[in-house]
Amino acid sequence: MVLTTGCQDASSWLLCSATSEKPNSAGAQGQFPIVQNMTVTEGGIANLTCRVEHNDNTSLQWSNPAQQTLFFGDKKALRDNRIELVRATSQELTISISEVTLADEGMYTCSLFTMPVKTAKAFLTVLGVPKKPEINGLTKPLLEGDQITLTCVTSGSKPAADVRWFKNEKEVKGAKEVNASGKTFTVKSSLQLLVNRHDDGVAYTCRVDHVSLTATHEETTQVLEVHYAPYVEIKHSIPAPLEGQYLKLECVPHGNPSPDPVLWTKDGGELPDLDRVIVEGRELTFMSLNKTDNGTYRCEATNHLGTSQAEYKLVVKDAPTTSSPSTASPAPTLPDNTGPLDSKDLNSAVTGNRDPNALPGPPDHALIGGIVAVVVFATLCLIIVLGRYLARHKGTYLTNEAKGADDAPDADTAIINADGNHAHAEEKKEYFI
């Protein structure tokens with residue numbers, strides 16, 4: 001009884017060999033054909049190899065899924081110019097199939113003509129290459145507010161390809177649909193858009209990824225063209241115009257189609273004094289400003305979808321005047337207030353340029369500290385002077401009782417002695433005439 005094993009899984013690479021009942025003779029051991037599954041891309045080359053470890057000059061044969069013999073040993077049996085012999089020995093038979101098609105996919109059999117015949121089967125998988133994708137549903141130009149559906153279609157893939165959308169290289173999600181067509185698949189992906197002016201110039205790319213595209217991927221790109229009504233802005237060369245200065249106003253319209261030319265007006269009428277005011281394309285230039293140029297300047301742009309305008313109000317201010325060197329500057333005056341001066345008030349008094357709307361600044365701590373130090377110093381000086389004055393007038397003062405108390409036995413005697421002393425003192429007075 002002969003047992004034959006084959007390879008039925010087309011998605012894996014397996015070693016396939018034929019087995020039989022254990023032979024009775026040692027010379028028959030090892031006579032088993034060994035093959036391998038193959039996967040090849042459509043249009044490529046498939047090499048089918050059958051090997052035998054030990055062979056007693058028994059012939060090897062390859063046959064196709066229709067059981068047609070391709071090669072018997074080194075002898076070609078099928079007239080197909082795509083099939084060629086690569087190597088034929090007693091232990092190996094290798095053939096090649098070029099320009100492989102999806103019809104070549106299937107189970108191939110290698111036979112070893114022993115008694116009984118031993119076989120091994122290898123499955124050839126052919127990958128269908130997806131065709132370059134096509135984007136449908138885009139019309140040019142689009143109008144702002146249009147709703148469109150972009151559809152990307154690719155066919156001929158096996159297995160089914162993966163289709164992805166990108167908006168300026170950033171992936172966006174589409175609705176995918178897969179349909180079988182014989183052995184291959186057709187894949188379609190749809191993307192719905194509500195276009196606006198910001199979509200003008202945006203590139204949408206449909207990219208196809210597939211196992212057969214190992215080094216790259218197929219893709220198609222379409223760039224949107226969206227027409228929309230203009231909007232206008234005015235740019236100015238200086239922020240605060242002064243008399244005698246140069247000023248350039250530029251009208252910048254945005255729209256598709258581009259609105260050109262633009263129309264400049266002043267206060268709803270024509271521009272005055274075209275010798276000083278120059279109009280070149282979208283630019284309005286004042287060579288030397290004066291106050292007669294004051295007014296509202298309007299720029300207007302139009303395309304077939306609408307009109308837009310922008311305004312610039314020009315107010316020319318006096319040029320700064322410089323004082324004569326012989327004119328003396330007024331002396332700085334201190335601010336009229338009752339509170340202590342801070343550094344800001346002092347600076348304003350010196351410069352003569354105090355802002356009447358400025359908020360009062362924080363207190364000057366250095367000034368306050370100086371005032372406190374002066375007060376403390378004056379107090380110390382006063383204390384020292386008073387102390388010296390009291391020390392110089394210090395003495396001993398005796399009452400009448402005390403004056404006679406040294407030699408008196410009692411208080412009355414002390415008083416009498418004191419009076420006596422007084423009388424004695426009166427006696428010593430001298431009179432000069």
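Me: Let's start with one residue. Is lysine 75 buried or exposed?
Reply: This is a predicted model, by the way. Lysine 75 counts as exposed because its relative accessibility is 54%, and the cut-off for exposed is over 50%.

Me: Which side chain does lysine 75 meet in a salt bridge?
Reply: That's aspartate 74, with 3.0 Å from N to O. Aspartate 74 has 48% relative accessibility, so it counts as partly exposed.

Me: Why would two side chains like that pair up?
Reply: Side chains of opposite charge can pair when their charged atoms come close.

Me: OK, and how many salt bridges does the structure hold?
Reply: There are 18. One of them is between glutamate 219 and arginine 207, where the closest N and O atoms are 3.1 Å apart. Glutamate 219 sits in strand S22 and arginine 207 in strand S21, so this pair ties together parts that are twelve residues apart in sequence.

Me: Arginine 87, what's its bridge partner in S11?
Reply: Threonine 94. Strands S10 (residues 83-88) and S11 (residues 92-97) run antiparallel and are joined by five bridges. The two form a hairpin, with three residues between them.

Me: New topic. Where does asparagine 37 lie, and what does its side chain reach?
Reply: Asparagine 37 is in the loop between strands S4 and S5. Its side chain reaches the backbone nitrogen of phenylalanine 123 at 2.8 Å. Asparagine 37 counts as buried because its relative accessibility is 1%.

Me: What about lysine 118, buried or exposed?
Reply: Lysine 118 is buried, at 6% relative accessibility. It's found in strand S13, and its side chain reaches the backbone oxygen of glutamine 31 at 3.3 Å.

Me: Last one. Which residues does the "transmembrane region" annotation cover?
Reply: Residues 366-386, according to an unreviewed UniProt entry. That stretch is 100% helix, with its end C-alpha atoms 31 Å apart. Ile368, Val372, Val376, Leu380 and Ile383 make a nonpolar surface patch of about 460 Å². Of those, valine 376 is in helix H2 (residues 365-392), and it counts as partly exposed at 46% relative accessibility.

Definitions and conventions. Residues numbered from 1 in each chain as written. Predicted model: local features only at pLDDT ≥ 70, side-chain atom pairs only at ≥ 80, totals over all residues. Heavy atoms only, no water. Pairing = 2+ DSSP bridges. Helix = DSSP H or I, 4+ residues; strand = E, 2+ residues; numbered from the N terminus. UniProt positions renumbered as here; feature names shortened; annotations may be inferred. Buried < 20%, exposed > 50% of the residue type's maximum accessible area, 1.4 Å probe, protein only. Polar contact = N/O pair within 3.5 Å; in protein donor to acceptor, adjacent residues only side chain to side chain. Patch = residues over 30% accessible without salt bridge, like charges linked within 9 Å, V, L, I, M, F, W, Y side chains within 5 Å. Areas by Shrake-Rupley, 256 points an atom, 1.4 Å probe, with all protein chains shown as cover. Salt bridge = Lys/Arg side-chain N within 4 Å of Asp/Glu carboxyl O.
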